[in-house]
Amino acid sequence: MTRTAFETAFGYPPWRLFRAPGRINLIGEHTDYNDGFVLPMAIDRAVWVAAAPRHDRQVRVRAITLNEEDSFVLDGLRPSSRVRWSNYIRGVLAGLERAGHRLGGMDLAYGGDVPIGGGLSSSAAVEVAVATAARHLFDLDVSDVELARLCQQAEHEFVGTQCGLMDPLICLAGQENHALLIDCRHLTWQPIPLPTDAVIAVCDTGKRRSLAHSAYNERRTQCEEGARRLGVAALRDLDVQTFDAQADQLPPLLRKRCRHVVYENDRTLRAAEALRRGDVAVFGLLMNESHASLRDLYEVSCEELDWMAALAQSQPGCWGARMTGAGFGGCVVALVQADAIEPFCQTVAMLYERQMLRKPAIYRCRAAAGAGPVG
Ligand code: GLA
């Protein structure tokens, strides 16, 4: 479909097709920009981009799902106030050039099945898809970590979200059947095998949010202020005991925010340990605790997410459930016993619709490989 759309838009077949997956985060939320730990996995939903190089400096982009087009030259790239979706692409290409990677023009057509604004990192998937296309089209010598940083920078400068590195990194480095425990300070990661007898269900509340929303940036500033007051470079530097001993130096709001981050880092390490020894029950309890903390201390949940998480958690065979991603809307991720997944999906969908008067999308996800060329 992406190839055909390319051909229809530009009148010739693409050179190659690239894929960049969406992601869910199993645990470790709002810890990445605090130099902490996250445990995400790439999923079997993706953005596909069909691409061909050009002999000039022109870039033409066809956004298949949005049924829109944009066109710009690589020189003096700026964010567009008119075509907002194009800023993810402009930002990545501008960053690559600024880092000294010589690009040429290109024609791109992209689309996919990562729901837009659904908390599954559709924006990082678009950025990484385009970065991956540019990497292959122009034979760039660039590491995954450098590419992830460029994608992050594109969000900072062209979109306005002060996001962390988790999303582009997992999108690039994801491994089939594994989550990655990422150390966001040292930018190293370890694959953690997922249990074979549990299914990961993504429960989309249908509530959409804008990530550029100031609440995200505000949380980040609060964490930095908390770290400064406690005399550490980042909240990652505090363990639970040290934090508890010093927490009363912080005003109440900062104390809540920082407590979430410090405890979430601890939970993430314990959760990875639990998965390693196959203790899905402990993993599930940590997911539930993470949700409560995001709701009560970090205050990034919402009625729809809370309702979905509570419904999921109370189903037979559900080990644990929590909101995933930045929050304020989007999806809940649940870990469910394989033989309980059918009734789980049906009951959660029915009860959610009854309460919220909105049909949720609930689907199973597999852990997929990171971005790359297709075929
Ligand atoms: C968004 C950001 C990530 C991360 C999460 C919260 O997805 O892009 O960097 O901060 O929110 O964990």
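The model is predicted, so local features need pLDDT of at least 70 and side-chain atom pairs count only at pLDDT 80 or more, while totals for chains, interfaces and linings use all residues. Residues are numbered from 1 along each chain as its sequence is written, and side-chain values use heavy atoms, with hydrogens and water left out.

**Ligand site**
- Among the polar contacts (pairs of N or O atoms within 3.5 Å), a polar side-chain atom of Arg-23 lies 3.0 Å from an oxygen atom of the ligand, a backbone N or O atom of His-30 lies 2.7 Å from a ligand oxygen, and a polar backbone atom of Gly-164 is 2.8 Å from an oxygen atom of the ligand.
- Taken alone, the ligand exposes 310 Å², of which the protein buries 98% (Shrake-Rupley method, 1.4 Å probe).

**Helix 5**
- Helix 5 (residues 166-173) is largely enclosed by the rest of the structure, because 8 of its 8 residues are buried (under 20% relative accessible area, 1.4 Å probe, protein chains only).

**Thr-2**
- Thr-2 lies in helix 1 (residues 2-10), where helices are DSSP runs (H or I) of at least four residues, numbered from the N terminus.
- Thr-2 is buried, with a relative accessible area of 9%, and, not counting residues up to four places away in sequence, touches Leu-17, Trp-48, Val-49, Ala-50, Ile-64, Ala-109 and Tyr-110 (heavy atoms within 4.5 Å).

Definitions and conventions
Helices (H or I, at least four residues) and strands (E, at least two) are DSSP runs, numbered from the N terminus. Buried means under 20% relative accessible area, exposed over 50%, partly exposed in between (1.4 Å probe, protein chains only). A polar contact is a pair of N or O atoms within 3.5 Å; within protein, one must be able to donate a hydrogen and the other to accept it, and residues adjacent in sequence count only if both atoms are side-chain atoms.
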